[in-house]
Amino acid sequence: MNFEVAERALDDAVGRRVFPGAVLLVREGEQVYHRACGNRSLDPEVAPMAVDTVFDLSSLTKPFATTIAIQMLVAEGKLHLDDRVSRFFHNFGVYGKTHITFRHLLNHSSGLPAWQPYYKEIIQSERKGGKINFISSPGAKAYVYQSIHRERLAAPPGTRAVYSDLGFILLGEVIEEISGMSLDRFCHQRIYRPLGLRSVAFVDLWLLRSRKLEPIAEMIAPTERCPWRKKVLCGEVHDDNSYAMGGVTGHAGLFGSARDLDTLVCRLRQCYRGTNEWLPRDLLREFWTRDASVPESTWALGWDTPSAHDSSAGALFNRHAVGHLGFTGTSVWIDLDRDRHIILLTNRVHPSRDNDAIRQFRPLIHDLIVKALQ
């Protein structure tokens with residue numbers, strides 16, 4: 001295997017400021033490539049990237065925290081995919097939401113809007129009402145949950161796929177309701193600690209504030225110089241709504257390294273093959289199968305699959321695959337026919353989110369890696 005062309009593409013991307021730096025990990029049976037390039041930080045100082053750098057995983061929270069937690073609850077019989085959400089939240093059924101199921105939330109066909117700027121309402125509430133430390137508080141989190149319960153639908157459930165943060169915020173609330181634990185505690189105790197994952201975790205901003213703690217910035221790739229938080233974000237979730245809710249949410253807030261994600265993906269692959277009982281094989285296979293019931297959708301349950309054209313997985317990645325992207329510049333693609341997966345972690349939003357060049361880079365690097373492997 002010769003990864004020289006892929007390495008040059010990575011270095012070229014750093015030079016063209018597609019991202020400040022990246023960590024790329026490739027596994028085909030065994031780990032065949034793991035490299036850091038570029039810089040972890042450019043602002044306020046330049047610092048080199050390392051292979052164990054911890055990234056804000058952004059929407060990789062959806063498959064690697066929320067979806068796995070839901071799978072565990074399904075496996076234990078504590079919820080069923082076709083249960084209505086209103087079974088747990090009786091007021092949720094208003095404005096035509098009665099028939100929304102957990103399957104709808106997982107395959108992004110619930111009809112809920114893609115996004116709402118709840119963080120702006122929380123900021124205004126704190127400023128106008130004189131509430132002290134309302135942002136990133138349990139009260140702010142409860143406010144967002146209730147706001148989603150009262151949302152009106154953008155489409156009838158099950159009729160079309162609209163990638164929705166709101167649906168996964170709601171799934172996070174469901175996990176907390178059923179388990180009696182916070183989402184971060186559930187994931188730590190049931191998922192990450194049993195696998196020995198030391199870097200994968202949520203950063204509870206309310207806990208940091210109340211105990212006057214600080215994240216270890218030297219280990220973390222910073223993201224944006226936030227225009228309204230007035231600082232470079234490091235060890236603090238980039239997503240605005242997740243920040244306003246305290247950093248522990250079903251759609252964003254997870255941090256981790258490529259090495260630990262690799263361990264997690266390997267365990268999922270073992271379950272998919274039936275060589276490990278951590279999650280039931282049939283359940284994982286159902287979650288990793290594209291849901292054909294939703295017209296023109298590429299979504300499985302909690303995971304995406306390659307689109308026919310312009311997929312971020314590239315043109316050469318096996319069509320029988322699952323993956324997910326994160327807004328901060330993260331991605332994972334898993335080939336289900338071969339023992340192969342590719343983890344690409346970047347902080348392309350550092351120091352500004354006004355940079356979408358990674359859209360062209362992702363398919364390029366995936367194609368180069370597949371060529372190297374073949």
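Student: Which residues of α7 are buried?

Tutor: This is a predicted model. In it, L183, D184, F186, C187, I191 and Y192 of α7 are buried. Buried means under 20% relative accessible area.

Student: What puts them on the same side of α7?

Tutor: Their arc around the axis is only 155°, so they sit on the same side of α7. An α-helix has 3.6 residues a turn, so residues three or four places apart point the same way.

Student: What do the buried residues of α7 pack against?

Tutor: Their partners are α2, α6 (165-179), β5 (201-202), β8 (254-256) and α10 (258-273).

Student: Why is α2 called roughly perpendicular to α7?

Tutor: Helix α2 (residues 61-75) and helix α7 (residues 183-192) pack at about 70°, with axes 10 Å apart. Angles of 65 to 115 degrees count as roughly perpendicular. The angle therefore makes α2 roughly perpendicular to α7.

Student: Which residues meet there?

Tutor: From α2 come F64, A65, T66, I68, A69, M72 and L73. From α7 come L183, F186, C187, R190, I191 and Y192. By class, this contact has 11 nonpolar, one polar and one charged residues.

Student: Where does F64 stand in the largest nonpolar core?

Tutor: That core has 87 residues, and F64 is among those with the most contacts inside it. L79, Y192, L264, L268, W278 and W288 are the others named for this.

Student: What is F64 in contact with, leaving aside neighbours within four places in sequence?

Tutor: F64 contacts Y192, L254, L261, L264, V265, L268, W303 and V332. Apart from this core lies another, of 26 residues, including C37, L344, V370 and L373.

How values were computed:
Residues are numbered from 1 along each chain as its sequence is written. This is a predicted model: local features need pLDDT of at least 70, side-chain atom pairs count only at pLDDT 80 or more; totals for chains, interfaces and linings use all residues. Side-chain values use heavy atoms; hydrogens and water are left out. Axes are lines fitted to C-alpha atoms, for helices over the stretch in contact, and angles run from 0 to 180 degrees between N-to-C directions. Helices (H or I, at least four residues) and strands (E, at least two) are DSSP runs, numbered from the N terminus. Angles under 35 degrees count as roughly parallel, over 145 as roughly antiparallel, 65 to 115 as roughly perpendicular and the rest as oblique. Contact means heavy atoms within 4.5 Å. Ala, Val, Leu, Ile, Met, Phe, Trp, Tyr, Cys and Pro count as nonpolar, Asp, Glu, Lys and Arg as charged, and the others, Gly among them, as polar. A nonpolar core is a set of buried Ala, Val, Leu, Ile, Met, Phe, Trp, Tyr and Cys residues joined through side-chain atoms within 4.5 Å. Buried means under 20% relative accessible area, exposed over 50%, partly exposed in between (1.4 Å probe, protein chains only). The arc is that of the directions from the helix axis to the C-beta atoms.
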